[in-house]
Amino acid sequence: MNRTLYTVLFHLALPLILVRLFWRARRAPAYSKRIAERFAIGLPAFEPGGIWVHAVSVGESIAAAPMIRALSARYPQLPITVTCMTPTGSERIRALFGDRVQHCYLPYDLPWAASRFMQRLQPKLAVVMETELWPNHIHQCARRGIPVALANARLSERSARGYARLARLTAPMLAELSLIAAQTEAEAVRFRQLGAREAAVTVTGSIKFDLSIDPALCGQAQALRQQWSACARPIWIGASTHTGEDEILLAAHRQLLSVHPDALLILVPRHPERFGSVYELCRKQGFATVRRSIGEPPLAQTQVLLGDTMGELLFLFALADVAFVGGSLVPTGGHNLLEPAALGKPVLTGPHLFNFLDIAAQLRDAGALQEIDSAPELAAAIEAFWSDPAATAKARDAGYGVLKNNQGALGRLLDGLGRLLGS
């Protein structure tokens, strides 16, 4: 498939794309808003000539935040525009940056929409986070001489096989990239094999290791536990869960309650459209459940606190003693394991980690990460940490060590972006 055929098929698929958009709006009404932006119609009044950063959703927006702040500090004269594809990503961008950045949805990857977007924005540099590559947007940048950088680039073996099957489309697209800042050497090799220019590919490491935690966060979490009279209470978190995982976590929690009747699970679904259904699941299974969003404090008899808020995940991690990171008991590929590690929490996860293989391997080898694949294994691992403070301290120190040994990727990435900006 070449880019022309891809574009024809994209146009033919538009009715299905719109149906899916409105179907998603049934559960998340925000999907029905700002649809015109997705066709580069009714875009905000942008100040042109700056840096455009694309982060597809929440995870990429959070990962991009230190880079965006650093770019803003280094190039205060350049406006920064941040695009995404999801309402939750949009909310996170607004929460992180407010009016300090320009923002809209990225228009669909249609030549006329991409052209209109580029004409309005006229960026000096485009920075795409991780693997969100769109052939027509990249080609429109290349036509205008706008350098495109793929930041924090990752490419699993599975994804590389998919790109290879569409080589006539993906090879020219990758060849148009000015910089591919790969997380690992293995990923750099895959990009080169798929058609990226040798000179454009460099290994910078993952900027996710460069995350900074507000020193006040742990103190605030401890103060809240005191308010809850829960300083000595065993608390664990199941974060970023997907459909099919909540039942497993609740089964593990039921097992833990048989040994620790005062145990508390903080359950945080990944997508806000699932908040209501997960709350009903907890209630249906007989767990005394309160919702964080309406400010209900967990009482002594509360068994589950539903983390149904946005932008609080780091704080909720800080409240817990042990962290399980979801998207890993189902074949989603996992989510960020470094945030709980940076907060000193022992980290547990399922086996499906193809989006974070290198990070997971380093944490696992250091003793900061355990993989489980069933409710009994999860309950046993949490119980082991609760009953062995020395093991908890060892896992905490191991996580800190992995973070410290890998930091510096952000600086290397910024240097590469600076060369593209001619500074």
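Colleague: Is Glu185 buried, partly exposed or exposed?

Modeller: Please note that this is a predicted model. Glu185 counts as partly exposed because its relative accessibility is 45%, and partly exposed covers the range between under 20% for buried and over 50% for exposed. Its salt-bridge partner is Arg192, with 3.4 Å from N to O. Arg192 is also partly exposed, at 23% relative accessibility.

Colleague: How many salt bridges does the structure hold?

Modeller: The general idea is that side chains of opposite charge can pair when their charged atoms come close. In this structure there are 14 salt bridges. One of them joins Arg364 to Glu371, with the closest N and O atoms 2.4 Å apart. Arg364 has a relative accessible area of 37% and is therefore partly exposed; Glu371, at 32%, is partly exposed as well.

Colleague: Which residue forms a salt bridge with Glu130?

Modeller: Lys208 does, and the closest N and O atoms are 3.3 Å apart. This pair links distant parts of the chain, 78 residues apart: Glu130 is in the loop between β4 and α5, and Lys208 is in the loop between β7 and α9. Both Glu130 and Lys208 are buried.

Colleague: Which residues make the nonpolar surface patch?

Modeller: Met1, Leu5, Val8, Leu9, Leu12 and Leu166 make this patch of about 490 Å². Leu9 lies in helix α1, which spans residues 3-27. With a relative accessible area of 39%, Leu9 is partly exposed.

Technical notes: Residues numbered from 1 in each chain as written. Predicted model: local features only at pLDDT ≥ 70, side-chain atom pairs only at ≥ 80, totals over all residues. Heavy atoms only, no water. Patch = residues over 30% accessible without salt bridge, like charges linked within 9 Å, V, L, I, M, F, W, Y side chains within 5 Å. Areas by Shrake-Rupley, 256 points an atom, 1.4 Å probe, with all protein chains shown as cover. Salt bridge = Lys/Arg side-chain N within 4 Å of Asp/Glu carboxyl O. Helix = DSSP H or I, 4+ residues; strand = E, 2+ residues; numbered from the N terminus. Buried < 20%, exposed > 50% of the residue type's maximum accessible area, 1.4 Å probe, protein only.
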